[in-house]
Amino acid sequence: MGEHNAKFPGDRVYVTNHMWAMNTGGESYRFGLTAYAVRLLQDVYFLDWLVEPGTHVKSRGHIGSIESKKAESDLYAPIAGVMSAINEVALDDPSIINADTYDDGWLIEIQADQGQADSLLSPDQYAEHLVAAWDVAQKTIKGQANV
């Protein structure tokens with residue numbers, strides 16, 4: 001975006017809140033932050049979860065928070081379902097999110113409620129979303145999000 005091309009793996013699906021999703025079997029998905037999100041946050045150093053594995057989460061329900069050099073942000077469930085796993089490695093050392101966001105830096109796994117996977121975006125749809133959201137992202141980067 002801008003002077004940088006947004007590159008992200010084509011073997012996953014995406015969510016408008018800048019998370020990637022990888023199917024881990026059946027209706028189970030592993031989620032993590034996209035490199036785009038990590039670039040906006042810069043240097044993630046704290047991660048906290050409000051829900052435990054086994055908890056049913058609602059789509060866009062508040063599930064945790066993340067802190068970085070640039071911002072403190074709430075984390076919201078990308079889809080509805082049962083949170084089946086939390087990446088304990090990332091919880092203990094959130095810097096793994098910066099170093100390896102698409103593999104070891106994953107965040108959570110969710111067993112999706114029926115039909116929830118239909119809301120996930122293809123790589124092309126996510127790229128279109130990035131273009132549409134670019135103006136908002138620029139204001140956020142410049143600290144003008146509420147202007």
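Strand β2 and strand β3, the latter covering residues 28–33, pair in the antiparallel sense over six bridges. I begin there in describing this structure, which is a predicted model. Within this pairing, Met19 has Leu33 of β3 as its bridge partner. The two strands form a hairpin with two residues between them. Gly26 sits in that turn and has a positive phi of about 60°.

Strand β1 comprises residues 13–15 and strand β2 residues 19–25; the two run antiparallel and are joined by three bridges. Here Tyr14 stands opposite Trp20 in β2. This pair of strands also forms a hairpin, with three residues between them.

What is the phi of His18 in that turn? The value is positive, at about 65°, and the residue concerned is other than glycine. His18 lies in the loop between β1 and β2. The residue counts as buried, because its relative accessible area is 16% and the limit for that class is under 20%.

Six strands form an open sheet, in the order β1-β2-β3-β9-β8-β5, and the pairing is antiparallel. Which strands are at the edges? They are β1 and β5, the latter being residues 56–57, and each of them pairs on one side only. As a general point, strands of a sheet pair through backbone hydrogen bonds, either parallel or antiparallel.

I turn next to the salt bridges, of which the structure holds three. The side chains of Glu109 and Arg30 meet in one of them, with an N to O distance of 2.5 Å. This pair links distant parts of the chain: Glu109 belongs to strand β9 and Arg30 to strand β3, and the two are 79 residues apart. Glu109 counts as buried, at 13% relative accessibility. Arg30, at 26% relative accessibility, counts as partly exposed.

The remaining contacts of this kind involve Arg12. Asp11 forms a salt bridge with Arg12, and the closest N and O atoms are 2.9 Å apart. Arg12 also forms a salt bridge with Asp103, where the closest N and O atoms are 3.8 Å apart. Why does this second pair tie together separate parts of the sequence? Arg12 lies in the segment before β1, whereas Asp103 lies in the loop between α3 and β9 (108–112), so the pair ties together parts that are 91 residues apart in sequence.

Asp11 counts as exposed, at 53% relative accessibility. Asp103 is partly exposed, with a relative accessible area of 46%.

A further backbone detail concerns Asp43. Its phi is near 45°, a positive value in a residue other than glycine. Asp43 is found in the loop between α1 (35–41) and β4 (44–49). At 45% relative accessibility, Asp43 counts as partly exposed. For a view across the model, the C-alpha atoms of Asp43 and Ile108 are separated by 19 Å, and these residues are 65 residues apart along the chain.

Which residues form the negative surface patch? Glu52, Glu88, Asp92 and Asp93 form it. Asp93 lies in the loop between α2 (88–92) and α3 (95–99). With 39% relative accessibility, Asp93 counts as partly exposed.

To close, I return to two points. The open sheet has six strands with antiparallel pairing, and a salt bridge between Glu109 and Arg30 links its strands β9 and β3.

Notes
Residues numbered from 1 in each chain as written. Predicted model: local features only at pLDDT ≥ 70, side-chain atom pairs only at ≥ 80, totals over all residues. Heavy atoms only, no water. Pairing = 2+ DSSP bridges. Helix = DSSP H or I, 4+ residues; strand = E, 2+ residues; numbered from the N terminus. Patch = residues over 30% accessible without salt bridge, like charges linked within 9 Å, V, L, I, M, F, W, Y side chains within 5 Å. Areas by Shrake-Rupley, 256 points an atom, 1.4 Å probe, with all protein chains shown as cover. Salt bridge = Lys/Arg side-chain N within 4 Å of Asp/Glu carboxyl O. Lys, Arg positive; Asp, Glu negative; His and termini not counted. Charge placed at Lys NZ, Arg CZ, Asp CG, Glu CD. Buried < 20%, exposed > 50% of the residue type's maximum accessible area, 1.4 Å probe, protein only.
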